[in-house]
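Please read it alongside the coordinates.

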Amino acid sequence: MTTLDQPTATAPNPVTSGDRPVRRELGVANALSHGFLLLWGLLTVLPLLWMFISSFKTNGEILADPWGLPGALHLDNWARAWTGAHIGRYFLNSLVVVTGSVSLTMLMGATAAYVFARYEFRGRQVVYYLFVGGLMFPVFLALVPLFFVVRNAGLFNTWLGLILVYAAYSLPFTVFFLTAFFRTLPTSVAEAALVDGCGHFRLFFRVMLPMARPGMISVAIFNFLSHWNQFLLPQVLLQGDASKWMLAQGLFALSVSQGYAGDYARLFAGLSIAVLPVLAVYVAFQRQVQAGLTAGQLK
Amino acid sequence: MKHGKWPLIVTFLVPPVLLYVFFVVSPYFQAFQISTTDWLGYSADANPVGLANFKTLWHDDYVWNALKNNAILLGLVPVLTIVLGLFFATMLAMGGRKGSAGVTGVRGGALYRTVYFFPQVLSVVIIALLWKEVYHPNKGLLTTALHGLGLPAPTWLGDPATAFWCVLAVMVWSNVGFYVVLFGAAMSAVPKEIYEAVLLDGASRFTTLRRVTLPLLWDTVQVAWVYLAIFALDGFILVQLMTNGGPNFSTDVIGVRMYDTAFGSETKFGYASAIGVVMFFLTLSVAVLSLRIGRRERIEYS
């Protein structure tokens, strides 16, 4: 590599002699590093690509030649998955529930966080730590009682129940993150607005909330993906009526029925339907998505 | 901000608190209480039995088997993921040519990062179902690739000897990309002069990673460790969907144990809650321990 062309004369000191082998090693490592990076890239993409390509093949083609390309584009697989296996309906169900749950989470999370960040009152710390303490508890522990809490409230097998539960379990992180975010906003703007006779509510919705937009977007993306990908809660709280299922449940059912029917193409089409929109949104907004999710990690 | 603040505090705080206490706080408290009963399900009575469930648990070989698997996951998944994550993040950050300009990122680094992150935005359900097909013993990608090379292929998820490692590989696969991005973000905060100085001093890439990058990223690595440890103690969805704990309980994890106990063929809610309580204390101790052991002084760049 070009590193070997470096003029050694520019460094006329004893280090020079030891310098060359090191640089050669870096050159070799360079080629190696590209190799490893490419390998991992392939490992990531290949299963997804295979799924996508297989979704256009006939079942015969999938069994006879798993690595081959489809002879013709069999779009009927997608139709069978979309309508026959109701993936289309589940997709819309998930969209409705997650829209509701993310909106509710953001509204409740932002209002609570704003109070914690900006108002002094007795017991504030206690209530704040009550919320943030929830970060430490695994959902698993609550699963059995939660099932009965939801059932006794008449919310078992309802979307409303699922929306409320999603929102409740997302509050710890949302409140924690947004409280920190509201604290970073300058107080002078709020004080000026109050002096000008702006009410507390107006101040929040007209001034503070717009100022908190970057933080809100990060948390909203984080919550959207975690609600959209949720499987455990719908499986426990939305067991009955298959027409109300979430996408994850529908895909699972599709995979189970595929075991009996042997309709691999339909399963791959169903998975592709679920993957493509998410990947498209991710690629379009990847900077925000990566920021939102890594912010989630660094809480 | 003194006058008239109470209407806002009450309207803003009461609904979230009610929602949270009703769906989150109260179930957690109930879980501890249920774990000390013999409650068998939907209508049956729950009698207090003290710590009998925990005693049963102590002698339950299935629970121990699941815990053993969780322990192996705990030992391997965080290490493998973090090592691979650091390795690729380093490659991306400073794998580029070393000219007089010093340390540069690798070409196409942004594309790599985009692609590596893919598994993170996919639902675990999709990852599990997709890999189940990749591991398919007849038509799967892996089997046919090995056969194509004239090599014999194992039955992957169908064989108790290999199934566990196949699931473990998927866990690492699905997490690495996220940590590449996370570590990459942390590395970009490290001043480049530090790396340039180290490379000028003739340090090898491995030494740089071990002696410079790792200490500088310690906080981030530690957080990653805690998360991956919690992930390894869970692993429920991947296992349930790929193998359901089989074959012959070789991939069983404590989460699957608990789910089956509560919502499987029998509904032993008391016993399942006891497993949940154990999981809670395990998770908590692992998190606290890794934070304690990993505590070092913070490094700030001036």
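In this predicted model, A:D76 forms a salt bridge with A:R80, their closest N and O atoms being 3.2 Å apart; a salt bridge here is a side-chain nitrogen of Lys or Arg within 4 Å of a carboxyl oxygen of Asp or Glu. Both A:D76 and A:R80 belong to helix α3 (residues 76-84) of chain A, where they are 4 residues apart, about one turn of the helix. Helices are DSSP runs of H or I with at least four residues, strands are runs of E with at least two, and both are numbered from the N terminus. A:D76 is partly exposed, with a relative accessible area of 41%, and A:R80 is also partly exposed, at 29%; buried means under 20% relative accessible area, exposed over 50%, and partly exposed in between, with a 1.4 Å probe and protein chains only.

Residues are numbered from 1 along each chain as its sequence is written, chains are lettered from A and ligands numbered from 1 in the order in which they are written, and side-chain values use heavy atoms, with hydrogens and water left out.

| Salt bridge | N to O distance |
|---|---|
| A:D76 and A:R80 | 3.2 Å |
| B:E133 and B:K139 | 2.7 Å |
| B:R257 and B:D260 | 3.9 Å |

Is the pair B:E133 and B:K139 buried or exposed? B:E133 counts as buried at 4% relative accessibility, and B:K139 counts as buried at 0%. B:K139 lies in the loop between α6 (124-134) and α7 (141-148) of chain B. Leaving aside neighbours within four places in sequence, B:K139 is in contact (heavy atoms within 4.5 Å) with residues of both chains, including A:W50, A:Y264, A:F268, B:E133 and B:T144.

B:R257 and B:D260 both lie in helix α13 (residues 254-263) of chain B, 3 residues apart, about one turn of the helix. Within this pair, B:R257 is buried, with a relative accessible area of 13%, whereas B:D260 counts as partly exposed at 27%.

Another buried residue of chain B is B:Q240, at 11% relative accessibility, which is placed in helix α12 (residues 236-242). Apart from neighbours within four places in sequence, B:Q240 is in contact with A:F231 and A:Q235 as well as B:V256 and B:Y259.

Turning to chain A as a whole, there are 14 helices and 0 strands, and buried residues make up 52% of its 299 residues. Of the contacts in chain A with a separation of 6 or more, 71% are between residues 24 or more positions apart. Helix α4 (residues 87-118) of chain A has 32 residues and reaches 45 Å from its first C-alpha to its last, close to the expected 46 Å, a span defined as 1.5 Å times one less than the number of residues. This helix, α4(A), is mostly covered, with 24 of its 32 residues buried.

Terms used. Predicted model: local features only at pLDDT ≥ 70, side-chain atom pairs only at ≥ 80, totals over all residues.
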